[in-house]
Each structure stands twice: as C-alpha cells, then as structure tokens.
Amino acid sequence: MKTVAAVVVVAGAIRLATGVDPALAAGLVAALAAGATAYGLWTHRRSQRGAWLVSWAFMGTGLLCVASGPVLLATDAHAFTTQAILTLAGDLLAITGLCLLIRLRMAGRSFEVLSTAVVAVVTVSFCLLSLVVVPAHGWHPARQLLAVGVPACDFVMVWLTGSLMSMTERCPAGYRYLLGGFACLFFSHSISATLYLAGRGLEPQTLDAVALWGACLWGCAALHRSQRTPFEPVPLRSGRPSWPHVVLLVTAPMVAPAIYGVETLTGRPVNQAMFLAGSALIPAVVVAYLVQQVFARSAAEYRAQHDALTGVCNRVLFNDSLAASIQDAGRAGGGFAVMFLDLDRFKSINDSLGHAVGNQLLQAVVTRLHSCLRPSDTLARMGGDEFTVLVPDIGDKTQAAHLGDRVLGAFSEPFNVGGRLLPVQASIGVAVHPEDGDSVDDLLKHADTAMYQAKAAGRNTCVVYDTAMSARARLRFALESSLRSTLDTERLEVHYQPKLRAADGAMVGVEALARWRHPRLGMIPPWAFIPLAEETSLIASIGEWVLETACLQARQWQERLDRPVTVAVNLSPRQFIRQSVVGMVADVLARTGFDPTLLELEVTESVLMEHMDEAAVALSELRAMGIRCSIDDFGTGYSALTYLTDIPVDAIKIDPSFVRRIDSQSEAAPIVGAVIALAHSLGLDVVAEGVETDAQYEFLRAHACDYVQGFRFSPALPAHEIEEIVRRGLPLASVEIEEWLRVARPPDSSVVPADRLASILTGVARENGWSTEPDGSDVEAILAALLAGAGSPFSDGRHLGPLPSRMAVGTLLGLASVTGGLSAAGVIPQATQAMAAEVLAQATGVGTGAPAPAEPVVASGDSACRRSGAARRRLVAGPPLRPAAGPGLPPSPRRRVAGGRTAGSRPAGRQGRGSA
C-alpha cells in the first residue's frame, strides 16, 4: 500500500512541477505506469492463469497507448486528433481485456455487461450531441464523434470495472485502483472533449496531470499484491433483469423520437442525418442486447435440462418427459417402459485410469447407446454412471426384456478410449407402465430396484421388475430401520454355544454369538440381520459390544462357578478395515478386567487371504497379549494352504458345509480327515462346527478331532441356561439334561409362524430372491411388525426418555383421569372408558389398574436341538438374557461406539451351523 501511494504521489508531483518540461514529465509518468504494469505481470505470472495474463496484456498495451497521448499533446499542442485516436485505441484494448476478465469471473456474462454499457453510453451521447453540441456548433461528424468517443469509451471502462467488482462481495483490492484510474481518465477526457468542441484552448498541465494520475492508478492496479489471488469463478445466474436494465431498454429506443418531437415543437432545425443515424444506431444496439439475452437464456435452459458431459437429457428433463408420457398413455392407452442402466465396476476404471478416461468412456457409452436405440427413445444420464431410457410403444414385459437384451448387446464389444480397449458391461432394470406404476417416482423406483436385482444376479444382465422385488426391498429397508432402532432400545442379546472336547464330551468353553429378539416377531435369524450390519456402520459397534458383554459374562461365571470359562468371539472382516482391532480388544480387556488367556478370537479365512500382512501383524500382537486366535470357516473357497505357516494362529475351525456332508457324501469324509491330519502336523488344534448327528460325531472322534460344536450337543443358549447346566454338572445331550429341559417355554406369540418368518427372511437375504412367492399377508404382517417399533418411543413401554414422549404420556394419563371422573358422573359410557384405557396401556405399557402383563418370551429358532435324529427339545424360559438393569454388563452397542464392524456376528450363508 505504501508503494502504491508513493507511486501516485511521485507521478502527480512530476507532472504538476512547473519547473519540469511537460513533455519530459509526461514521458516519465507514462514510463512509470507502463513499467509498473509490466513488473506486475511478471510478478503475478506464477499465481495466475494464462487467461488472466492475456487479459492484462491487452490492458497493459492499452495503458501504454493512453499514457502516450499526453506525451504527444505536450510535444504538439495541436495534435488533439492524433492523441484522441491513440487514446481511443488504448481504451478499446482495455475494454477487450476487461471483457476477458469478466468472462473469467462469470462465463457468458461479458457480452451482456458490455452491451448494457454500450446502450447507456450511446443513448447519453446521442442526447448530448442532439441537444447541446449540434445546435451550438453544427453537425461535424468526424470531429464531434471522435471527441465524444474517447470519454464514452472511458465510461464503458468504468461500467465494466464496476460490474466486475460487483459480481461478488470479495474482489482484489487492486481493482479499486483500476476503477479510480478509469474515473480520472473519464473526467480528464470529458473536460478536454468539452473544451475542444467549444473551440477553447486546452490546459495540458492540469488536465494531463489528472489523466496521467489515472494512468498511474491503472498501473498500480496491475502491481498490487492482491492480484496474486486468482479470481474465483462465479456460477452463472439466469435471473430476471433488474429494473434499471428494463428502464434503460425501454427508454433507449424512444430517445430519438422524443428529441425529434422536442425540436419540432420548439421550432429548432432538425439535423436529418444525425436523427437517422441515432434512430438506427440506438435500436440496433438494443436489438443486439436482446438477441444476446435470447441466446443466453436458451443456453441456460439447455444447460439446465441436459448433461454437460454427454449432451443427453438430465434428470429434470427426463422426469418431465416421463410425466408427459404417463399423461399421453392415460389418454390414448398403450404402454411404455423405463430402463435403468448402470455400468458395472465403473469406479475401478476411474480409480485406475483417472477421471479423464472415465469421462471419455461415458461419452463413448452414450454414442454406443444411441446407435442401438430408436429415434423416439429418450436417453438420459441421471448422474455418475447411471443412465435411464424412456422407451415408448412397449406392449408387454416380454418385449421390454427383448429390448433390454438388445441394449446389453451394445456392450459386447470393448470401447476404444484414448487408444485403450476397455471391456465394459452393464446391469439393466426395466419397469413397464402401467403394470409397474403410474407415477414418475414409482416407475423410476421400480426400475432401479430391478437394476439392483440384476447386479445381485451376477451383473451384465437385464431384469424386468415384478412385485416380489418391491416386497423384498421394502422388507430389507424395514429390517435395517428396525435394527437401528434395536440398538437404541437394547433388544440385542448374546447367546453362548458350548464347545466340547471330542474325546469325552466335556464342555471346555463357549462361543459368543449375537442374537436379536424382536418383540413381535421373536428371534430374527442372524443370517438375516448380520449382512445388513455388515453393509452399514453398525457392525463394529455390535462387535465391540458383543466382545465386552462376553468378557463380563465369563468373569461373572468365573466368580459364581469358581472355575474359569473360556469364551470365543468372532471378529468381522470389516473390523480389520474400519478400526484398530488390537487397540479395541485391549480397551475391552482393560474395561472388563478379563483374563486374556481365557479369550479366543476367531477370524474368517477371507480376512487372512485379502489382508494377509495386516492380519498377520494384528494376530501376532493379540497372541503376544495371551489371546488365542483361530481361523474360522476353514476350507471355504481357498486352495492355497501355504498361508497356514505364515499366519500366527492356534486352531482352525472346519466349516459346517464339510461336516454336514460326512453323512451324505462319502468323498467329503476323507477331506475332513485330511484337514485334521494337516492341522495336527502343523501343531494346530481342530474344531469341527455344525455337528448334528451321531455319525458325524463318531467320525470326528475316530479321526482325533480336538473339539466339536453343533446342534448334536446344544444350540446357542442364553447365559443363565449355560450357567445352570454348568452348576448342575449335567452333560450336554444326556438324559438328565433332557429331563431338566422338559418344561416347555410359552407358546410362540409371533405375528408370523417361525418357519414362515425364516423362509421369508431367507428370500430377503439371498441374492436371487425367494424360491417361491411368499404369502402377501405374511409379508405385510412382517413389514407392519418391523415398522411398528422402528424409531417410536411408544413401541416399548419401558423407554419413555424423550421429553415429547413424557409430555404425551402425561397428557394421555390426564385424559384418562378426566374420562374416569366423567364416567363416574355418568357422562361417558363405561365401554368407551375401557377402550380408552386399553389404548393407553397398549401405547405406553402403563397399566390402569391391574399390573400390565409381562412381555412374552418368544421361542427362537435356536431352541430346536437335534440329537440322533430325535425330536427337537424345547428349552425352559428363564429370566431375560439381557439384564439391562443388572450390574456389570455394558450398555447398548449404539451407545458404546459409532460406526464400523463388530465382533460376535456371523456372515450370511451360515444357516447350517449352531450360530444360526
């Protein structure tokens, strides 16, 4: 700032100094201004883009021309015409540079600002010439237009600079100097033009000092350090014109007729040539402005309705076209199809080859799609790699499926993008009007659902929507919402499946498994909700909570039973990605005070293969803490066994799919025996999961399997039942324990029988859907039960924490008391009061007289135990497994940790083992 002030002071002092030759002073100031501009461009060249440098190059050249004018005039006092031409050329160069700067600031707005300024200056100049100059001095076009043109251009420069600064609240401070410099030039050139047209002598010492002062401010604007910060582009706004613009555009074409009328009424002579020139020039400028506005509005409308990258319709225009097609189909009948297309694994192309290649690929895909679609079809890009197609004149779903297959055929050949051949496939979902919906949202939603079904079916396929897909999607969403609500209402439980020594059948430990007891559906199978937790951010919270609950429970068993109990907990694959497993386990052990030598952590084989290095380091650190580690699901999908020598583990668990085939497939038995022998040769223990029959158990004992688990001995049981079994010393799968378990649990009170619930949820969890269409009433009943308790504080009478809930309950209780008083007075019938009291009790869980009945304990699918093909046992119903109010157990997983994966949960596809 001090440098700028010094430059301005020195420039003014040099020019106003009477002892200095005017030509020399003007030359020094011009050289100073030009040098400041050149140095500014050199200084800011690294921080600014090339377009900015080009803009200021035009402005710097214009400054040199404008600053040379006073030098020429100081040398020759009669060279006004030459100076005016030189100054006019400099102004035009500066206007060009300002337009480029405005284009950088807001693309598409430079011509609009320039045309507005031209309309204003032409109108004002015509008025001055018609009313002042021509009546006094006659019509001399060459002399008068040249004299008026210089200040007119200066005014345009002031207008453009003000518009550039007003586009946003923040702009470089250097542009204030630029605006001040242009104002000085406008003032100086306006006075000079007035004196020249009046025929009076000029005063170059004074007027040129102001002009050179403006030139110095112009140069200071380029030199200012605020120019180092690039202009931030401003989004193009397509708003309504302001009132000043409207008034200017309406008034400008009427200026010439108005002046003609005034001169006629006053009897003054009318210059016909000037009147014709003004009558043609002003409307021409206004028309040019309006034409530019029409093109700008059309371009803005096109951008608003089309995708900028591919040029096809965007979501807005496609939705409008779809709505119009629905109306046409409603009037004329007929049908059409909506196709939802998503590129398979497009993200991998973006990540590996870059977004530039990805954009070129999208353009190539659009070109390929246009080649296989009809002219009447409407293609749109919904965003990313998702496209939609509106296909008219579709008779039925068979025709829609054929069209989808034809579109898939367009992806059979790879795409040539930048010299690379990229094989790309697509998944397509199709919805047909009116069978699959009669609104824009329904058709798009159902087509999208079918597309995700196509991805689940293996990708590169086309699926036509049916109602079962919608039911599965609604059930899946309701299940996820209810699961989130369950974490807040603490309905998750931990069950424990005994692990026995194969040699003598003695129980040596337990495996902790997560269970979900729904108040209206009973036990939700783990293979139905664990995958949902895997896909969301809930699994890490649930896993850490299961680990902490199991450690606390094992500690309580150790204190009550006076014997140590080992507990095994599963680690989810995503825990190795989302959190530090070692740190999490150490924190849990520190909080619970549990002996790490009694803890075993199970890691699936997929984690070891996909994250070999990270898993090896984590397992080494866990074993150093004294924790046992084992490989879960051994043998599922991998043939390389060399990793067994590289991974620090203590045991392997044979997957139930191998154990289950010991009875039915004779070739499976040698595989199990070979796995046991291999593990023993490496010094590893072997645990067989999913043992269900005596034949399986005898085979495993004969091959020296170390430990066994499964329904043959016991399913996963609540903690109090495990404790009672150990306290009484009852061997599992014995006559004594069957006598003890003879008492039946209360009958199943689920809204849907357990077998039908399991069948429906299996279809939701499977990728290929239901094997047979379920009963619609069962689906609706499950949906109602899931949605009834999701996010409602009144769904469980024990949880009335939020203030609005307490206020609502208080209001209901107050109404109940009022109805009671009115009923006693004989105003309200007793039946009405009884019904209101029942509604209050059901909604809040608060009784109105007698104690509210206890929440029924629903039998789970795990209560069925198998022993040698005998009938399933039924277990007694003890106290609630989750002692929510009891000491020592952790709060719900939602309150423990936010986000990530959890332990103690099983992935999908484990129905055959005890955990399921």
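These are my notebook entries on one predicted model.

**Ground rules.** I number residues from 1 along each chain as its sequence is written. Local features need pLDDT of at least 70, side-chain atom pairs count only at pLDDT 80 or more, totals for chains, interfaces and linings use all residues, and side-chain values use heavy atoms, without hydrogens and water.

**Whole chain.** I looked up the secondary structure and found 33 helices and 16 strands (DSSP runs numbered from the N terminus: helices are H or I, at least four residues; strands are E, at least two). Of the 916 residues, 48% count as buried (under 20% relative accessible area; exposed is over 50%, partly exposed in between; 1.4 Å probe, protein chains only). The accessible surface comes to about 41,400 Å² (Shrake-Rupley method, 1.4 Å probe; for residues, only the protein chains shown count as cover). Carbon and sulfur atoms hold 60% of that surface.

**Strand β13.** I went to residues 628-634 next. Six of the seven residues are buried, so β13 is largely enclosed by the rest of the structure.

**Helix α5.** I checked L128, which lies in this helix (residues 110-137). Its relative accessibility is 49%, so L128 counts as partly exposed.
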